[in-house]
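Subject: Structure handover

Hello,

Here is the structure to look through. My notes on the helix packing and the pockets follow below it.

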Amino acid sequence: MFVYEFKVYPKPQQITAINEAIRTSQFVRNKVLRYWMDNRGIGQPEMFRYNTILRKEFKFVEQLNSHACQAAVERTLKAVNRFYENCKNQVQGKKGYPKFKKNTRSVEYKVSGWKLSENRKYINFIDQKGIGSLKLVGSRDL
């Protein structure tokens with residue numbers, strides 16, 4: 001998997017929309033983690049089902065792209081699995097119990113939710129958060 005990083009210079013309204021998307025992703029991760037803490041023994045299918053319930057229950061979660069919400073659940077699942085692996089392998093010291101995130105600064109759009117422009121100089125976010133089109137500033141040619 002290749003990851004390219006580019007700078008963008010968003011407008012103030014776009015910054016607000018990006019921050020809202022980040023907070024929504026953090027909210028989903030923390031809610032799924034709380035669901036796991038309250039219902040020990042649940043697995044991946046139950047976590048993803050709970051994500052679907054969250055999307056129906058909260059309007060602002062439904063506005064975020066579904067793949068971005070699933071990426072937040074995958075991050076939670078990764079933390080839970082790492083904790084179980086550390087316990088199983090009897091790692092010395094702290095086992096890395098999953099924690100709630102309060103300063104998360106990322107949201108992960110994987111496959112959908114964004115589209116490159118024809119000239120590949122702009123990225124357009126097409127979910128309902130209202131981020132819009134951002135100019136990519138970098139030296140790589142896409």
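The crossing of α1 and α4 is right-handed (left-handed means the near helix is turned anticlockwise from the far one by less than a right angle, right-handed means clockwise). Please note that this is a predicted model, with local features needing pLDDT of at least 70 and side-chain atom pairs counted only at pLDDT 80 or more, while totals for chains, interfaces and linings use all residues. Residues are numbered from 1 along each chain as its sequence is written, and side-chain values use heavy atoms, without hydrogens and water.

**Overall**

The protein has four helices and three strands. Their order from the N terminus is α-α-α-α-β-β-β. Both kinds of element are DSSP runs numbered from the N terminus: helices are H or I, at least four residues, and strands are E, at least two. The C-alpha trace spans about 50 × 35 × 25 Å along its principal axes.

**Helix packing**

Two packed helices are described by the angle between their axes and the distance between the axes. Axes here are lines fitted to C-alpha atoms, for helices over the stretch in contact, and angles run from 0 to 180 degrees between N-to-C directions.

- α1 with α4: helix α1 covers residues 12-38 and helix α4 residues 66-88; they pack at about 40° with axes 8 Å apart. The pair is therefore oblique (under 35 degrees is roughly parallel, over 145 roughly antiparallel, 65 to 115 roughly perpendicular, the rest oblique). On the α1 side the contact includes S25, R29 and W36; on the α4 side it includes C69, R75 and Y84. Contact means heavy atoms within 4.5 Å. By class, the residues of this contact are 11 nonpolar, two polar and two charged. Ala, Val, Leu, Ile, Met, Phe, Trp, Tyr, Cys and Pro count as nonpolar; Asp, Glu, Lys and Arg as charged; the others, Gly among them, as polar.
- α1 with α2: the axes come within 10 Å and cross at roughly 130°. That makes α1 oblique to α2. The crossing is right-handed. V28, K31, V32, Y35 and W36 of α1 meet E46, M47, Y50, N51 and L54 of α2. Seven of the contact residues are nonpolar, one is polar and two are charged.
- α2 with α4: helix α2 covers residues 44-57, and it packs on α4 at about 140° with axes 10 Å apart. This crossing is also right-handed.

**Pockets**

A pocket is found on a 1 Å grid over the protein atoms alone: it is an open set of points where a 1.4 Å probe fits, with protein on both sides within 12 Å along at least five of seven lines, and lining residues have an atom within 4 Å of a point. Points are joined across faces, edges and corners, and a volume is the space filled by probe spheres set on them.

The largest pocket holds about 1,100 Å³. Its lining has 27 residues, with Y4, V107, Y109, I123 and F125 nearest the centre. α1 gives the largest share, five residues. The lining has 20 nonpolar, two polar and five charged residues.

The second largest pocket has about 210 Å³. Of its 15 lining residues, R29, R75, A79, K99 and K101 are closest to the centre. Here α4 gives the largest share, five residues. This lining has four nonpolar, five polar and six charged residues.

Best wishes
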